[in-house]
Amino acid sequence: MSTRYQNFINGKWVDALGGETFENRNPADWEEVIGVFPRSTKEDVDRAVEAAVEGQKEWRKVPVPVRGAIMKKAADLLVERKEDFARDMTREMGKVLTETRGDVQEAIDTGYYAAGEGRRFFGRTVPSELPNKAAFTIHLPLGVVGVICPWNFPMAIPSWKIFPALLAGNAVVFKPASDVPLSGTNFVKTLLEAGVPPKIINLTHGTGSSVGTPIIEHPDIRCLSFTGSTGVGKGLAKSAADTLKRVSLELGGKNAQIVWEDGNLELALEGVLWGAYGTTGQRCTATSRLILHEKIHDGFVDILKEAVENLRLGNGLDTGTDVGPLVNEGQLKIVDDYVKIGRAEGATLLTGGEPYEEGDCDKGFFYKPTVFINVKPDMRIAREEIFGPVLSVFKISSWQEAVEVHNDTDYGLSSALYTQDLHLSFHAVEELEAGITYINAPTIGAECHLPFGGVKETGNGHREGGWGPYEFFTEDKTVYVDYSGALQRAQIDTEEA
Ligand code: UN1
């Protein structure tokens, strides 16, 4: 019998009202059922929102530092449970244990950051243009926030959204991706044990259409924080416009690593292996393009081929595995289709390019780490997000060409340059169209206390991580206190003075 999990709505663990369920399976071994989860619908979301609206009326009155202490407690509990939660995560979505430990750690770091923010949460004090008048701003909560998350960072990404939203005094309705409902459940249980009041966090499992859409359309949800594909994000923004919701969208990427002629090649090799094949390439920040200076191109391609062929595929729980499976069969098909497209477009397949079914890997969705060379910027594999272990290599001969190839994409999340040249490094910072630029480090490795997000079709301008979310999840209230005892008229009295 597989374990049966529930929604958390209005302070109780409950089944979906319709009684429907779905299975959560291990992508490294599809026969293993991890649990059975409720397949919720609009009715479940409606109940969750009703409870959240009710609960938020009290939560908003709790002093921010007291809310911060609860976030600290949650982070402490995550520290204790890190290993168990990392193992659950590897089982349900496949990435290797070192990475799932990092994922839980990112949630821990974000929790501690939120706790610290509870003792800051600065507004601004600004001089008034009139005498005997004070002016300042404070942050007030929005109300109920809808949080819709992807499966590639099952605890880190929810934590980026939920910790700041709660610290700011909002109530949350949270839909984890249906590939990772266990990690979502683990996170919510931890928040509750830490002391987040029951109605303030609501967990509704299910699909995008049956749970996501009702969250997006609900008139009592004031704000949505979404991470996922650009296509879904655009649809979400359109639907959310009807109720004038504030929307934060963290969407696709087509990130590139540039290796200049003077770059440290061993370091650049390690960087691209980690950037392209970490999380089996299923990151918004994955390195999916490699732009090589012509002088080092051929030599680098040789060492890259050898290193990629040495990567060990397997179950992420096994020590020694470098690359786990793709998250599900659909994702495997997408990757395989892109490989076919790349070949048909005329790119040269250097290595990989097919599913991997040796040994126990035939039970899961493994795909050989893949490299295409001779890729041209107008090919689909050069432009579209694949979200899998596929790297496209370009050869360039000048900095201008490197920038042109780099920027020739609809996306702009992360970018990397390997060089010893200080001048070039700062040109990269200015010229690469991306929300993040790494010098001598791979395209992945964001830290929780710095802004994370991108330009162009990667999002709508908001940043996660760092201080931005505390503004996103609040309204600024401007306060004027006139202690002159007389009617003072801004603009008019000022003009006459
Ligand atoms: C994502 O790719 O969806 O920098 C998030 C990184 C991680 C976060 C990635 N810390 O790659």
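Tutor: Between domain 1 and domain 2 the count is one salt bridge, a term that stands for a side-chain nitrogen of Lys or Arg within 4 Å of a carboxyl oxygen of Asp or Glu. Before going further, please keep in mind that this is a predicted model, in which local features need pLDDT of at least 70 and side-chain atom pairs count only at pLDDT 80 or more, while totals for chains, interfaces and linings use all residues. Residues are numbered from 1 along each chain as its sequence is written, and side-chain values use heavy atoms, with hydrogens and water left out.

The salt bridge is formed by glutamate 99 and arginine 283, whose closest N and O atoms are 3.4 Å apart. Around the boundary there are also seven residue pairs in polar contact between domain 1 and domain 2, both residues being at pLDDT 80 or more; such a contact is a pair of N or O atoms within 3.5 Å, where within protein one must be able to donate a hydrogen and the other to accept it, and where residues adjacent in sequence count only if both atoms are side-chain atoms. On the side of domain 1 that touches domain 2, strand 4 (29–38), helix 2 (64–93) and helix 3 (97–117) each supply at least two residues, and helix 2 gives the most, with four residues. Helices (H or I, at least four residues) and strands (E, at least two) are DSSP runs, numbered from the N terminus. The residues of this side divide into nine nonpolar, four polar and eight charged, where Ala, Val, Leu, Ile, Met, Phe, Trp, Tyr, Cys and Pro count as nonpolar, Asp, Glu, Lys and Arg as charged, and the others, Gly among them, as polar.

As for the domains themselves, the assignment gives domain 1 as 7–251 + 459–479 and domain 2 as 255–439, with bounds that come from an automatic or database domain assignment. Their C-alpha centres lie 31 Å apart, and 21 residues of domain 1 are in contact with 27 residues of domain 2, contact meaning heavy atoms within 4.5 Å. Together the two domains bury about 2000 Å², 62% of it on carbon and sulfur atoms, and Ala28, Glu99 and Trp151 supply 25% of the area that domain 1 buries against domain 2, more than any other three residues. Buried area here is the accessible area (1.4 Å probe) that two parts lose on being put together, summed over both.

A search of the whole structure finds 26 salt bridges. One of them joins the side chains of lysine 42 and aspartate 46 at 2.9 Å, N to O; these residues are four apart in helix 1 (residues 42–59), and so they are separated by about one helical turn. Lysine 42 is partly exposed, with a relative accessible area of 46%, and aspartate 46 is partly exposed at 25%, where buried means under 20% relative accessible area, exposed over 50% and partly exposed in between (1.4 Å probe, protein chains only).

Another salt bridge links aspartate 408 with arginine 383, their closest N and O atoms being 3.1 Å apart. Because aspartate 408 lies in the loop between helix 12 and strand 17 and arginine 383 in helix 11 (residues 380–383), the pair ties together parts that are 25 residues apart in sequence.
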